[in-house]
Amino acid sequence: LQGEPYVYLAQLGFLAGDGRRAKWAYLEQARRVRPHHDDVLMATGSELALEGDLPQATACWRCVFHRNSIYQEQIIAMVALQVSADEFLKTFQPDAAGARSLFHHYRKIGFMPQAMVAGRYYVAQLNALGDRQPGGLDVDQCLEAHEVWDYLGDDVAALESLRHAAQQDSNRYDVRQKLARQLLRQNQYAEARQHLQWCLRRQPHDLTLQREFQTATRADLAPLLR
């Protein structure tokens with residue numbers, strides 16, 4: 001009554017000269033005794049995909065996607081190249097963790113239009129998660145949101161994500177540094193100087209921080225010197 005041994009038989013049957021018919025007999029037996037087991041569903045979906053039946057393969061994988069993070073990564077790698085991001089999201093309806101994996105996968109393989117679709121979905125899932133959590137998003141989630149908004153080119157939302165991260169933990173060096181640099185990029189020099197000063201008190205010999213502080217100071221004081 002165990003499903004996994006039938007999966008192994010299906011995968012290794014070629015060593016005994018078993019053909020397609022035997023392989024599918026083993027897989028059918030695996031599904032008969034363990035119809036909801038992740039390994040069984042994943043193996044069946046993979047065989048269906050190899051035979052070109054992506055809709056039926058997706059039906060198997062959809063059951064696994066939300067339960068197993070390792071298989072989730074594999075499913076994204078196999079399916080994301082075959083369908084659009086919109087279709088993938090409609091089919092699998094990932095949560096924030098799944099959307100994060102999909103977004104980063106598209107970025108990694110250089111599919112920018114699809115990454116932007118996945119990114120917008122991801123930040124929507126993060127916002128929904130923040131609404132359910134006391135105090136909103138935590139620091140690391142805010143940093144994730146900032147990364148996505150920065151990729152999408154939304155400077156306002158990217159800055160707000162970092163400001164919220166700093167509110168959640170004002171003693172995180174990486175947060176204050178990112179916030180200072182985001183403020184510099186958006187020409188908000190006075191606020192940038194505050195965070196750069198805070199960083200310099202902790203890293204006084206950092207030459208990059210010193211140059212950034214000088215830039216912010218000159219730009220902030222320039223109107224007064226005219």
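This is a predicted model: local features need pLDDT of at least 70, side-chain atom pairs count only at pLDDT 80 or more; totals for chains, interfaces and linings use all residues.
1. Asp 38 is buried, with a relative accessible area of 14%. That puts Asp 38 in the buried class because the cut-off for buried is under 20%. Even so, Asp 38 has a charged partner: a salt bridge joins Asp 38 to Arg 67, and their closest N and O atoms are 2.7 Å apart. Where do Asp 38 and Arg 67 lie? Asp 38 belongs to helix H3, while Arg 67 is in the loop between helix H4 (54-65) and helix H5 (69-79), so the pair ties together parts that are 29 residues apart in sequence. Arg 67 itself is partly exposed, at a relative accessible area of 48%.

2. Now a second pair that involves H3. Lys 23 and Glu 47 form a salt bridge, with 3.3 Å between the closest N and O atoms. This one also links distant parts of the chain: Lys 23 sits in helix H2 (residues 20-33) and Glu 47 in helix H3 (residues 38-50), 24 residues apart. Is Glu 47 buried or exposed? Glu 47 is buried, at a relative accessible area of 15%. Lys 23 comes out as partly exposed, with a relative accessible area of 26%.

3. While you have H2 and H3 on screen, look at how the two helices pack. Their axes come within 10 Å and cross at roughly 150°, and H2 passes H3 in a left-handed crossing. On the H2 side of the contact you'll find Lys 23, Trp 24, Leu 27, Ala 30 and Arg 31. On the H3 side are Val 40, Leu 41, Ala 43, Thr 44, Glu 47 and Leu 48. Sort the residues of this contact by class and you get seven nonpolar, one polar and three charged. Notice that Lys 23 and Glu 47, the salt-bridge pair from point 2, both show up in this contact.

4. H2 has another neighbour to check, helix H1 (residues 4-12). H1 and H2 pack at an angle of about 165°, with their axes 8 Å apart. How do H1 and H2 run relative to each other? They are roughly antiparallel, because angles over 145 degrees count that way. H1 passes H2 in a left-handed crossing. From H1, the residues in the contact are Tyr 6, Val 7, Leu 9 and Ala 10. They meet Lys 23, Tyr 26, Leu 27, Gln 29, Ala 30 and Val 33 in H2. By class, that makes eight nonpolar, one polar and one charged residues.

5. Next, the loop between H2 and H3, where you can find Arg 34. Arg 34 is partly exposed, with 29% relative accessibility. Which residues does Arg 34 touch, leaving aside those up to four places away in sequence? They are Leu 1, Gln 2, Gly 3 and Val 40. Take Gln 2: this residue is 32 residues from Arg 34 along the chain, yet their C-alpha atoms are separated by 6.9 Å.

6. Gln 141 counts as buried, at 16% relative accessibility. Leaving aside residues up to four places away in sequence, Gln 141 touches Leu 126, Leu 129 and Gln 133.

7. Back to salt bridges for a moment. How many salt bridges does the structure hold? There are ten. One of the others to look up is between Arg 172 and Asp 174, at 2.8 Å from N to O. Arg 172 is partly exposed at 22% relative accessible area, and Asp 174 is partly exposed at 28%. Arg 172 and Asp 174 also belong to a network of salt bridges with Asp 140.

8. Last stop: helix H11 (residues 173-185) and helix H12 (residues 189-202). The axes of H11 and H12 come within 8 Å and cross at roughly 150°, and the crossing of H11 past H12 is left-handed. Among the residues making the contact are Tyr 173, Leu 179 and Leu 183 of H11, along with His 195, Trp 198 and Cys 199 of H12. The class breakdown is ten nonpolar, three polar and three charged residues.

Key:
Residues are numbered from 1 along each chain as its sequence is written. Side-chain values use heavy atoms; hydrogens and water are left out. A salt bridge is a side-chain nitrogen of Lys or Arg within 4 Å of a carboxyl oxygen of Asp or Glu. Helices (H or I, at least four residues) and strands (E, at least two) are DSSP runs, numbered from the N terminus. Buried means under 20% relative accessible area, exposed over 50%, partly exposed in between (1.4 Å probe, protein chains only). Axes are lines fitted to C-alpha atoms, for helices over the stretch in contact, and angles run from 0 to 180 degrees between N-to-C directions. Angles under 35 degrees count as roughly parallel, over 145 as roughly antiparallel, 65 to 115 as roughly perpendicular and the rest as oblique. A crossing is left-handed if the near helix is turned anticlockwise from the far one by less than a right angle, and right-handed if clockwise. Contact means heavy atoms within 4.5 Å. Ala, Val, Leu, Ile, Met, Phe, Trp, Tyr, Cys and Pro count as nonpolar, Asp, Glu, Lys and Arg as charged, and the others, Gly among them, as polar.
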